[in-house]
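Welcome, and thanks for taking a look at this one. Here is a friendly tour of its sheets, helix contacts and inner spaces.

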Amino acid sequence: MRILVVGAGATGGFFGGRLAQAGRDVTFLVRPRRAEVLRARGLRIVGPGTEEALLRPSLVLPGELDGSYDLVLLSVKARALPHALADLAPAVGPGTVVLPFLNGLAHLDAVTERFGSAAALGGVVKVIASLDADGDVRLLDTLDGTTVGDMVIGELTGGSTPRIERLGRALSGADFGLTVSTDIRTAMWHKWAFISTLGALTTLMRGTVGDIVAAGGSRLGLALLAETAAVAKAAGHPLTEAQLSRIGADLTLVGSTDTASLYRDTAAGLPTEGEHILGDLASRARALGVETPLLDLAALQLRVHDHRLATAGHRPPVAH
């Protein structure tokens, strides 16, 4: 199976790198600047709990694709999605499957509009990692000292098919967790509810979960969770009591260093995925008749942040 990974950031670099280590036929589609780093240093996966992995992956630049692939793993920021879809289009043939790993659900419309509903799968990934100053994929410490790398895939129509079972076999055994779900849309909604809650909390309060708890803000996290959970429930994908309890514990954990990418991008003065993650969720809440005043406030704050950057001449990057 020929696999094209679009984007070699922390997420694409980790999962694509692990697949390449496991002997899969993997090629990375990257922009020239990222290609320079990977050619100079290789793709390195470093951090606690893992031996440093140095790979010399197959790379291709936009405009250089010379045929279709069996599977495309799409791992870019929402703001880079239009450029990424245009770049990868030559790799999509009649039997190609496109598996995006973006947050939220809005990207599914863009993928299916471009390549057709039959080509798209649903996916959820979790990896605690970032690109460091050298461009390496650095796995990060968690409070309990563990690292996480998990992938869930499924047919958007639900159920099991020979195609998804075949893809499950192709992606398994690569040093990350792999689950084939018969209800991937629910899995995507549940992740969306979690990252929206954490993103809204840490961007509103400008700090880690531990900072917010220490300042007496535990109730805010739980109030945000109640809003996002209400939207998921109204959409037909309710979180279980066990999930709500676990997320609530994470949001009120003393000493937690957890933040969301929305907060990290804001703190770094970068454009955010606020509209894709929070704005879209708030819009769906209104359509479903669910009141989300705290979520609306967080979405507005990020909208102001991104507007300020745009009017100052800071345009979102298209690199992946």
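What volume does the second largest cavity have? The second largest cavity has a volume of about 30 Å³. Please bear in mind that this is a predicted model, where local features need pLDDT of at least 70 and side-chain atom pairs count only at pLDDT 80 or more, while totals for chains, interfaces and linings use all residues. Residues are numbered from 1 along each chain as its sequence is written, and side-chain values use heavy atoms, with hydrogens and water left out.

**Cavities**

- A search of the whole structure finds two cavities of 30 Å³ or more. A cavity is a set of points, on a 1 Å grid over the protein atoms alone, where a 1.4 Å probe fits but cannot get out, and lining residues have an atom within 4 Å of a point. Grid points are joined across faces, edges and corners, and a volume is the space filled by probe spheres set on the points.
- The second largest cavity is lined by Val5, Thr11, Gly12, Phe15, Gly16, Leu73, Ser75 and Phe101. Helix α1 (residues 10–21) provides the largest share of this lining, four residues. Helices (H or I, at least four residues) and strands (E, at least two) are DSSP runs, numbered from the N terminus.
- By class, the lining of the second largest cavity has four nonpolar, four polar and no charged residues. Here Ala, Val, Leu, Ile, Met, Phe, Trp, Tyr, Cys and Pro count as nonpolar, Asp, Glu, Lys and Arg as charged, and the others, Gly among them, as polar.
- The largest cavity has a volume of about 70 Å³, and its lining includes Phe101, Gly123, Met188 and Trp192. α6 gives the most to this lining, with four residues.
- The lining of the largest cavity divides into seven nonpolar, three polar and one charged.

**A pocket**

- The second largest pocket holds about 240 Å³ of space. A pocket is an open set of points with protein on both sides within 12 Å along at least five of seven lines.
- Of the 15 residues that line the second largest pocket, Leu108, Thr112, Leu156, Thr157 and Arg185 lie nearest its centre.
- α4 gives the most to the lining of this pocket, with three residues. The lining residues divide into six nonpolar, four polar and five charged.

**Sheets**

- Two strands pair if DSSP finds at least two bridges between them.
- β9 and strand β10 (residues 137–139) run antiparallel and are joined by three bridges. Leucine 131 stands opposite valine 137 in β10.
- Axes are lines fitted to C-alpha atoms, for helices over the stretch in contact, and angles run from 0 to 180 degrees between N-to-C directions. Contact means heavy atoms within 4.5 Å.
- Another open sheet has three strands in the order β8-β11-β12, again with mixed pairing. β8 and β12 (177–180) stand at its edges with a single partner strand each, so one side of each is left without a neighbour in the sheet.
- Six bridges join β8 to strand β11 (residues 149–154), and the two run antiparallel. Glycine 123 stands opposite isoleucine 153 in β11.
- Helix α5 (residues 162–171) lies across β11 and β12, at about 165° to β11.

**Helix pairs**

- The axes of α6 and helix α8 (residues 218–234) come within 9 Å and cross at roughly 145°. Trp189, Ala193 and Leu201 are among the α6 residues in this contact, with Leu220, Leu224 and Val231 among those of α8. The contact has 10 nonpolar, four polar and no charged residues.
- Helix α11 (residues 274–288) and helix α12 (residues 293–311) pack at an angle of about 145°, with their axes 9 Å apart. Residues that meet here include Leu278, Leu281 and Arg286 in α11 and Leu295, Asp296 and Leu302 in α12. This contact has seven nonpolar, two polar and four charged residues.
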